Structure formats: structure tokens, C-alpha cells
Amino acid sequence: MISVFILLLGAATPILFAALGELVAERAGVLNLGVEGMMVGGALAGFAAAHATGSPALGFAVAALAGAALSMLFAMMTQYLLSNQVATGLALTLFGLGLTAMFGKPYEGVKAPAMMAGPLGLNWMIWLGLAMVPVVWWFLVRTRPGLILRAVGENHDAAHGLGYPVRAMRIAALAFGGAMAGMGGAYISIATVLQWTEGMTAGAGWIALAIVVFAQWNPWGVLAGAWLFGGVTVLQLRLQAAGVAVPVQFLAMAPYLATILVLVLISARQKFGRSGGGAAPGSLGRPFHALR
Amino acid sequence: MFRLEPRASAPLGWQIATPILAVLATMFVGGLLFAAMGFDPVAAIRTIFWDPLFGPAAGYSRPQLLVKAGPLILIACGLALGFRAGIWNIGAEGQYIIGAICGAAVALAAYPAEAFWIFPAMILAGALGGWAWGMIPALLRNWFGASEILVSLMLVYVAQKIAAWMAFGPMKNPEGFNFPGSRNLQQYPAAANPELIANSGLHWGGIAAIVALAATWFIMSRHVLGFQVRTAGAAPRAARFAGVRPERLVALCLGVSGALAGLAGLFEVAGPAGQITESFGSGYGFTAIIVAFLGRLHPLGILLAGLLMALTYIGGELAQMMLNLPAATVQVFQGMLLFFLLGFDLLTRYRIRRRT
Amino acid sequence: MNRRTLLGSAAALVAASALPSFAAEDKLKVGFIYVGPVGDGGWSFQHDLARKAVVEKYGDKVETTFIESVPEGADAERALTQLALAGNKLIFATSFGFMDATINVAKKFPDVKFEHATGYKTAENVSTYDARFYEGRAVMGTIAGRMTKSNKIGYIGSFPIPEVIQGINSSFIHARKVNPNVEMKVVWAYTWFDPAKEADAAAALIAEGVDVILQHTDSTAPLAKAQEAGAIGFGQASDMAAFKPTPRVSAIIDNWAPYYIKRVGEALDGSWKSHSVWLGIGDGEVEIGEITDAVPAEVKAEAEALKAKIASGEYHPFTGPLKKQDGSDWLAEGQKAEDKDLSSMNFYVEGIAAPMPK
């Protein structure tokens, strides 16, 4: 039982990082569909740095920088050039996958340095991922910049009217999102697989996007979502290993159906006026352009 | 410093100039990239943009542009209608897959019968399947206010798993030596969607794309529905006063775009792809979103954007083949093109003014 | 005008328009399409190594081209046609999913020779070739059966297709031959390549008590997991030498080079004929990577003896008496499995407890 939980923590860590980052970006009102591209960028940059220096910690730091740099491309496009966020995010994913495949060639077949072991048989990145959940929650709910960030995401016109820096807030949120996605990607290359191969994130970024919705834009929900999505994979593999006949495809679609169900429930609750919590940020995905 | 000022209407000159500027900028920066990688930049760019159209084997690659662009255009037409109204269907990939599965189901159920009604019935099933998959986010939005962006995206994943299940389970070819994948519909004349004119690249999907372009143009510029769509997108509150019922519009836009994506899937599975496989969804639904935006949600723009995307795919393959350019470099080049096109579009919508 | 004449005239038209590009060539142009990137470190990587071996062998007499990451279906058909139009006279289509596309294109280019990997459809100008991976799996199974301390060995399957099922059966049969107490756990990953998922699959097996992992997916992730847990595994498709001497104690390597060199040679001297071959250890197409010192000498010797017996044709890994999982008879004493039964294999042999996915 405990071993399953340890497996689950490992499987959930990359998507937990990426989803927490995307959550902050979305709470600021930006929908960045380029998570996959930023993750794979972090996976390569982090691996390369860890390999060059022998320090996984440095690898994760570089991965964060790489992810943030890619997110700045998105930020420049959507915040200054006011391009459509959905289309730009898709382009970022394409770009990130291509760029890493191009520059990753020298790192193929090379091994990563040993991961930093942490307490209780869990490495430090798992702990950091878990620690980021309350930190993000505290930032969003308890601090003044967090409040402004949420205001910007809920209604950018009103926030602008109040004199809040809408664009700067969004760029900062995107940078954080990129850094977290980069570290999530690096977890796959440095801690899970210990090698670089092109396209190695294999759709984890898209799962992170689903988790944010499942989480109702709440950090604790992201933790639950990462465990659910990671858990379903681990569980079905575990059941198979134990010799149980598993309808793999149905189990694999279950978390997505659960996400839709959760979305419907929170939307209905809000629509029928019982409680306001948990719905999508009001300005999500809409471009902001200040007239004055 | 500079500031941006929205234009009341996009001037025609800029509308034509920006995509050309974007392509030129991509050629320039892309050329630098190719040169840095040790390839001849002029040859690379000529291979990607020129050779598919006028190169030695253009007799083959020109029609292939149509094959590749057809589904993109068909899907993008439907998406554009919704995007104009502020209804964000980003799950066309799922509707495409489900349309293909439903259409193929009709064919596989009828196999090996040869009857005139099979292909029309498949078309109907494909459109209905896509429509139904698109109606799920529509109804959830109308009933509960659930975001159609997110629901339609989630349903893509569900559709992909259904395709995998079909390929390994109910639709597995009984004569296929236990390999996954359905029967190949190209080899079943009553269900096949072949080239209509030799070496034209034109199959029924291409015809459907042309019809969709014309219909989109008519609806957007000549029909009251187009007016409602544009009003709803530009000023939702005013639209209500103008008698637009938002629920109906949501159902209509998502239903229509779903049906068109389903059709695209059906024509693909009965034609170029041939069979339902585990990896049937190959990203057309997502690429079509980019096509719709690059085409500025306008039928003519969508046509050109669809062809441009197809050109970079086919030209990219040629560049791999002729110049040994790695696939990754081509992918970076495509990403760059998208960024430039999306970014330069700013010039159409805004005026740059010096801050006073 | 029926469909065939339509196709014929289309081919004539495109061929005519393409002529100038290769009219003056005297080299043999050889084309390859790969389903993955050449950097996948596994399947496509091995095919590209073989392409390089062809270049090495024939030098100026050949010119090779490849297109990587070609999706199966319509895109494959276009890529193959482009290769044919560019003057390639021998084209290797290196994935099962390229089968129908290869047959379609071959019809349009009767003077171009096609080689399709792992399929079952041939034509006048289309050959098929495949590797008897199950022969290599027999050797892996022997090592696994001897090396396991928990008597539990695990197998990570990609997709439940005949090739993989043969591999599971072959490893299990030979593991049990040397260790009657051995049990086989099977996990299907439903992917050829997804490092994170493969790692999870390996971890799930390890959590079940498995200490030897065989993998039929292409990334090194399972080996990395095995290393963490002190388990062992085998390289798949390529040598995966980075994980020597342990956890990677040996490897099953796809070596397409001998076949590619032979076929290109035949195309050069004009003796190329369409055929359908299934080559194994004896032909050098399935290679056993170095068995490291982590394996005791006597086990290594036993594995190598088995390899030699298979290579010489003295022993067939599927020799009776063998029963199916449900207890029904499959092969009688001394009876060897026929290729046609193997190539559509969809059952486990007796003794494997895992359920076959439906």
C-alpha cells in the first residue's frame, strides 16, 4: 500500500509542478496551451545542465529558467502583440518540441547524475512539489500581490481601472507558470527516466491543463488532481501487474470524464446561485488592451 | 514610447500586407537558422515554399496540398463561425475522431455489401457523430454554464481513448492477423472516398471544404445568422437586445463546427487514411484552430491559411528528403512561421502611435 | 474509366513530370521512411544505423535519403510517393502501419522496389521482412529465470499484437524451463514510447515483487527504475549500453544492417526479387547484446548455448509439448510451431496467470 503511494507521488510530481504553474497563469487570466512545449524545454535544458555540472539541483534551476524563457515568448506574443492565446499556445508547443529535438541531439544516450535523495525515500523534488501547494495557496489567498493577481484574472478592465498593472501581473504569472512547467519537465528527464529523448514528455503538459480545471483553480485541488491522474495510471498498471484484467482505455478516460463532471458541478453551483467559489477566472483567455 | 490604438476596421492593404510580411520575416529568420545549422538557406527556403508548387515533382505535390489542406479548411470553417461569436470550440480534434468512428462504423457494419446508400449513410453518420460530440459542451454550457473551452478539450482525450479502444476491440479487422486497426475502407469500394478526378487530389472532402467555404462566406456576410454571430461576439449584451438567443447560438455554433469536424474525419478515414487506428487523430483538429486564426476567421483567409499550412508540411518533407534537413528543424521553422503570422496580425487590428 | 486506369494515368503523369530530376543518375538511390525520430534511441534509430551501414558498405554506388517521424496513414503514402518521385529505386518502409500505403504506392511505381518491415502484404515489387524477436526473447527468458530471486519476472508489453505476445510466451517458456517456480507478471503500457509511463509500469512490476524486468517498449526508463530498486533488466531494440553492467545485463538488439546490405546489393546487381522473410538470430538480424559480468558464468554459458542452438536451427523456441493458457493442447511433443500460427498469435501459453487483454 505504501509502495503504491510512493509510486503515485513520483508519477504525480511532473504534472503537479506544471499544473500549479498553469494554475497561477490562469488565475491571472491567461490560458497558456503551451505547457507541453515548456515542459519539454525544461526537460532538455535541465538534463543538459545536470549532466554538464553533475548537480541535479542546478539542472532544475536551469530548467526553470528555460521554461520561463519559453513562456516569455508566449507573453510577448499575447501581452504585447495581442495574439490569440489558444493559437499562440498551440504554436508554442510545436515550437518547443521542435527546438528541443533540434538541440537535444548531443544529449541522446547520455545518463543523468544521481537524483538528490530526500527523507522517507522520496527525493527533494517530490517534497518541493508538495511544499509548493500551500505556498501557491498562501500567495494567492493571503498576500496582496496574490489578491491583485486574482483581480486581474477576474476582470481585467476593472483591475486596470483600479490602477493595477494588468500586463505586468500577467507576465509575472506566465513566467512562474513557465518555470514550474520547466521543472516538471526536468523531473521526467532527470528523476524518472534519467535520460533525454526527444518528445519525452509525451503529453504530460496536456494532462496538467486538465488538472487545473479539475482543481477548480485551487492549489489543493491541483494536488488532488495530480494524484488522481497520476494515480489512475499507477493503479491500472499496478492492477495489471497483479494479474487483474483491466479495461485500460476506459480507466484512462475516467479522469477526463471526472474533470468534466467536476466542471459541471461547480458551474451549476455557481449558476444556480449557491456559492461563487471554484469557477473559471472571469477574464480567462481574453486579450487585454488598455485604451488609456 | 509607442502605444496601440484599435482600428475601427481593418484596412484591406494591411490585411494583405501582414501575412506577406510575416512569411518574409519567417524566411529571413528561418534562413539564418538554416545557415547556422550548416544548410544552404536559399535552397532550404526554395524547397519548402517553391518546390511543392513549381518544383520538378510539383505535378504530384500540388494536388497533395489539397488533400492535406482539405480537412483543415473544412474544420476551420466551422470553428470560425463559433470563434466569431465568442464560442470557443477547441475540441475539434475529438469531433473529428468521433465523426470518423461513426462513419467507419456504418461501413464496417455493412461490409461486404455493395450498395449505393452506404457512402451517403457514412457521411450522415460522420456528421451526426461530430455534431453529437460537439453538442456535449454546448448543452453543458447552456444547462450549467460549464466552459465549452475546457469541456471540449477534455472530450478530445476521451475521443482518443475511444479510438484506441475501437482499434483494439470492436473495430479490429478480423482478417488482420490480430494487428490493431479496422479494415481498410479504401479497399471496400462502396465505402471508399477515392480521388474523383485522376491526380487532382480532390476527393469528396475537398468538395465539402469548398461548399463549407462558400456557405461560411454566405452566412457571415449575407445572412441574418452571420449578423447575430458577429454581434454576439463583439457585444454580447447588445446582442440580447437585438433578439439573439445566446443558448441557441451556442448550440448552433458548436453543433455546426462539430458536424464539419466529424465530416472531415469521415472523409479522411474513408479516403487518405483508410482505417481507424489507435493513432487516428493526427492533430488536424488542433492545427485547424491555428488555420482559423491565421485566416482571420474569414473564408478566403482560411482557404489561404489552410493551403499555407499544407505547403509547409509538404515542403518540410521535401526539405528532409532533398537537403537532409532534420524533421525537428522543419518543426521549429513552422513554429516560427506561426509566431510571426500571429504577431504581425497586430498591424491589421491596431494602429501604432507615438505616445505624446 | 475505372479506378485502376485512373491510377495508371496519374502515375504516368507524375512520373513524366518528375523525370528530369533523376534522368542522369547512375547511382542507386535508396529511400527510407521512419515512424519515429532517428533520435528515439530504439526502433527508428536502429533502422537508421542500418541505413548508415549500407552507405558504409557501398559508398559512392548508393545515395540514401530518409524521412523521419512520418505518421502512419495518408502522410506515409505521400512520403513514399515523394521518395519514389525523387528517383529512389529501392524504398524501405520501416513500420507495420505503413503497410497499405506501401502497397498503394507500389502499384503506381512498378519499377520501384519496396521493402516493408513487419507486414504481411507483398506484391511483385513489394517484399516484407521481419525479425524473429522471440528467438532473442528465449535467451532473455533463460537469463531471467536463472537470475530471479523472488521467482517473479515482469514483462512490459507495448500493444497486444502477435510480435509482443510471441515475446512474452517465449521468455516465459524458457524462464520456466530453467526455473519451474518462476511466475510471469505482464503489464501493457499501450505505447511504444512514453518514458514516464514505462517507468511507472516498471515500478508497478517491482512493487509486485518482480526483480527481473523484460521490456518490449523502446525507452530506457524501465532500466532506470530497475536500477533504483536493485532489479535487473535488458536493453530493447538498441543495446542501451549506458546501463551496463547492471541493471542492463544483456540486450535484444534489432540489427537490420545485414538484411539491408544484402537487399541493396541485390538491387545493384539486378537480382532483387520480391519475397517474404522472417529472419532471426542465425541471420544476424536479432542480436544478443553483451551478457555482462553481473550474470554468473554458468548462466551466461547456458544462455549462449541456447543462442547457438537457435542460431544453427537445431532448436525452435516454440517446440512442443506446449499447451495454451486455458489448458487446451497447442503443440504435441517435438512439434514445432508453424510461422502462420505464430504470426497471428493471440494467446498465452499455459502457466502465465495474467489475463490476455480483450
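**Domains, chain contacts and local features of the predicted model**

The centres of domain 1 and domain 2 of chain C, taken over C-alpha atoms, are separated by 33 Å, where the domain bounds come from an automatic or database domain assignment. This is a predicted model, in which local features need pLDDT of at least 70 and side-chain atom pairs count only at pLDDT 80 or more, whereas totals for chains, interfaces and linings use all residues. Residues are numbered from 1 along each chain as its sequence is written, while chains are lettered from A and ligands numbered from 1 in the order in which they are written.

In the assignment for chain C, domain 1 covers 3-131 and domain 2 covers 133-253 + 287-342. Where these domains touch, 9 residues of domain 1 of chain C meet 8 residues of domain 2 of chain C, two residues being in contact if their C-beta atoms, placed from the backbone, lie within 7 Å. Helix 2 (residues 43-58) of chain C provides the largest share of the domain 1 side, with 3 residues; helices (H or I, at least four residues) and strands (E, at least two) are DSSP runs numbered from the N terminus. By class, the side of domain 1 of chain C that touches domain 2 of chain C comprises 3 nonpolar, 5 polar and 1 charged residues, where Ala, Val, Leu, Ile, Met, Phe, Trp, Tyr, Cys and Pro count as nonpolar, Asp, Glu, Lys and Arg as charged, and the others, Gly among them, as polar. According to UniProt, in an unreviewed entry, residues 28-314 of chain C carry the annotation "domain: ABC transporter substrate-binding protein PnrA-like"; positions from this record are given in the numbering used here, feature names are shortened, and annotations may be inferred rather than shown by experiment. The span 28-314 of chain C is 42% helix and 22% strand, and its end C-alpha atoms lie 38 Å apart.

In the contact of chain B with chain A, 34 residues of chain B meet 35 residues of chain A. Helix 14 of chain B gives the most to the side of chain B that touches chain A, namely 10 residues, and this side divides into 25 nonpolar, 7 polar and 2 charged residues.

Leaving aside neighbours within four places in sequence, C:Ile33 is in contact with residues including C:Phe66, C:Ile67, C:Leu83 and C:Phe98. C:Ile67 and C:Leu83 are also among the residues touched by B:Met321, which is placed in helix 13 (residues 299-323) of chain B. B:Met321 is buried, with 21 other C-beta atoms within 10 Å; a residue is buried if 20 or more other C-beta atoms, placed from the backbone, lie within 10 Å of its own, exposed if 12 or fewer, and partly exposed in between.

A cis peptide bond, with omega about 0°, joins B:Tyr111 and B:Pro112, and B:Pro112 is placed in the loop between helix 5 (92-110) and helix 6 of chain B. The peptide bond from C:Thr246 to C:Pro247 is likewise cis, with omega near 15°, and C:Pro247 is placed in the loop between strand 9 and strand 10 (248-254) of chain C. Strand 9 (residues 232-237) of chain C is mostly covered, 6 of its 6 residues being buried, and strand 9 pairs with strand 8 (residues 212-215) of chain C in the parallel sense over 2 bridges, where pairing requires that DSSP finds at least two bridges between two strands.

Although A:Leu82 is not a glycine, its phi is positive, about 50°. A:Leu82 lies in the loop between helix 3 (56-80) and helix 4 (85-103) of chain A, and counts as partly exposed with 19 C-beta neighbours inside 10 Å. C:Tyr190, also not a glycine, has a positive phi of about 55° and is found in the loop between strand 7 and helix 7 of chain C. C:Tyr190 is buried, with 22 other C-beta atoms within 10 Å.
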